[in-house]
Amino acid sequence: MGKLSKRVAIVGAGMSQFGRLYPLKRNPDLWVDAWVDAVKSVDNGIEPKDVDATYVGNYSSDLFNHQGHLGPQMADLVGLTPKPASRFEGACASSGIALRQAVIAVASGIHDVIAVAGVECMNELPTSLVTDALATASDALFEYPAGATFPGLYATVATAHFHKYGTTSEDLMRIGIKNHENGVENPFAQMQRSIAEMMQRKLKKLEQQGKELPDWKDEFDYLKSASNPMIAYPLRLYDCSLVTDGAACVFVAAEEVAKKYTDTPIWISGTGQGSAALSIHDRDDLTGFVATREAARQAYEMSGYGPKDIQIAELHDCFTIAELVALEDLGFYEKGKAAQAVKEGETKRDGARPINTSGGLKSKGHPVGATGAAQAVEIFKQMRGRAERNRQVKFDVERALTHNLGGSGATCVVTIYEK
Amino acid sequence: MTEAEKEFTIQNYLEFIQNKKLMGSKCKDCGAMYVPVRKLCTACNSLNMEWVTLSGKGKLAAFTSITVGTPYFIELGYDRNKPYCFSVIKLEEGPMISAQLVGVDASNPDTIKIGMPLKVKFLENELKGETKTDLGFEPA
């Protein structure tokens, strides 16, 4: 138990542009863009006849687009019917689950190659209804009637963490600033702009309007101002990830066939999945997520590696507090110690263990069901030294990790990769 | 059917709240408490439950002050200028529960302290001519 019966690799991975793209791009368009990008990334080429099944991660096309049954819809668009095609749902961890299930299916021997899709087109709904659709990933019976919104639940975790460990809003702001700096270097990101640049733009706008200029010394002053409105105390607008349309595609292959597609496959050395009560009030610890700790335990055990062996990671920063808590739940830092490490720059692109080089959900964007697969895309690029622009890390990445969290932490998938 | 014989369902739990009673279920075998009620004890796998009336006393475990609220709270009149507090309360009987926190200054969340003692406050909310009782807590 807890071991794959054969080695499984990623042999290609790509994504669509992320952004506010509806109605110019809808789920089928986004998915085909991701597929084409992923096919291009396969060194020796791949064709539909090589692929045995389509595993689609999608959270809520039913609510966002009035469309269910995405498995065959996506398979058909890239020539993969009549082979098996299924959809997997676990809120924001949907395509993390699809990837994990694809790895398990390939390891079982039933399929040699699976196309993992992550797809979500959220902007078909106005923002208020997007928020309401997202809220269905938390508990509709007892949290929602008490007024819980999605940011509200993470904000509640934040107040508990602040209270227990002395964490501050500035600690969270540093995470947003860092992720936006990374997103500037990602041509696929929704917001390719740093917080400093957004501050300068705001100042310029105020100047043009002939208004009195605020006394902002740095990004922190800007982030504490009314230009960054409170959403759910202590989380402000720039603590929240984006509402995004986007798709990603990952080709998972068995060891016997992997070398046919590339000389540099990225091996999946560990996969884990955890769960927790849907309501945060039904969990023992409000300062972290038990589902993450369980998923990480399984993935570390399967891979034989520990937190210290992981050189880079893509973490699920749906809110800045979520990245901070993940740094601790994954064992990268002791509880209450992550904020200091972030402050010292350890998680920056040139730090000891870069986190979210893609820009994360905060800057790259968060098309919820596509996020898990898109995290794997970034790791695939970084481990093969092919990240665009200036965001390739400066060392050779032998081992990496992705952390994909669903809802308010009731589902988590952790994946460990090695060369 | 007497109150004690009621099945441990969500509907019965919610009906108690409508009648301004905070009830939970307690496992007669291992003593584990559940609020909202559960029929199956996940601590010892027993179905041997009984209804218990809770004191309604507890402490603030965590909270937030929400400026961009749910459609229901927007209908109740909350907005950016009038935020509301969502909270998690640790009941003195052990379980935690979610509820609106009232009687605090939601516009100044720094004044709200985790650990502060709270007591239950049933909130009568009127919406579209109908009165509904929602679970709330306030400083004790």
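This is a predicted model: local features need pLDDT of at least 70, side-chain atom pairs count only at pLDDT 80 or more; totals for chains, interfaces and linings use all residues.
"Which residues in α4(A) meet Thr371(A), Gly372(A), Ala373(A) and Ala376(A) in α15(A)? Keep that one in mind, I'll come to it in a moment.

Okay, the answer. On the α4(A) side we have Ser94(A), Ser95(A), Gly96(A) and Leu99(A). Helix α4 of chain A covers residues 94-108, and its partner, helix α15 of chain A, covers residues 371-383. The two pack at an angle of about 65°, and their axes are 5 Å apart. That makes α4(A) roughly perpendicular to α15(A), since angles from 65 to 115 degrees get that label. And what sort of residues make up the contact? There are three nonpolar ones, five polar ones and no charged ones.

Now, on to the sheet. Chain A has an open sheet of nine strands, and if you walk across it you go β3-β2-β4-β7-β1-β8-β11-β10-β9, with mixed pairing. At the edges stand β3, residues 85-88, and β9, residues 312-314, both of chain A. Each has a single partner strand, so one side of each is left without a neighbour in the sheet. Neighbouring strands are turned by 25° against each other on average, ignoring direction.

Let's zoom in on one pair. Strand β8 of chain A, residues 266-275, runs antiparallel to strand β11 of chain A, residues 411-418, and eight bridges join the two.

Helix α3 of chain A, residues 70-77, lies across β2, β3 and β4 of chain A. Relative to β3(A), helix α3 runs at about 130°. That's my tour, thanks!"

Technical notes
Residues are numbered from 1 along each chain as its sequence is written. Chains are lettered from A and ligands numbered from 1 in the order in which they are written. Two strands pair if DSSP finds at least two bridges between them. Helices (H or I, at least four residues) and strands (E, at least two) are DSSP runs, numbered from the N terminus. Axes are lines fitted to C-alpha atoms, for helices over the stretch in contact, and angles run from 0 to 180 degrees between N-to-C directions. Two residues are in contact if their C-beta atoms, placed from the backbone, lie within 7 Å. Angles under 35 degrees count as roughly parallel, over 145 as roughly antiparallel, 65 to 115 as roughly perpendicular and the rest as oblique. Ala, Val, Leu, Ile, Met, Phe, Trp, Tyr, Cys and Pro count as nonpolar, Asp, Glu, Lys and Arg as charged, and the others, Gly among them, as polar.
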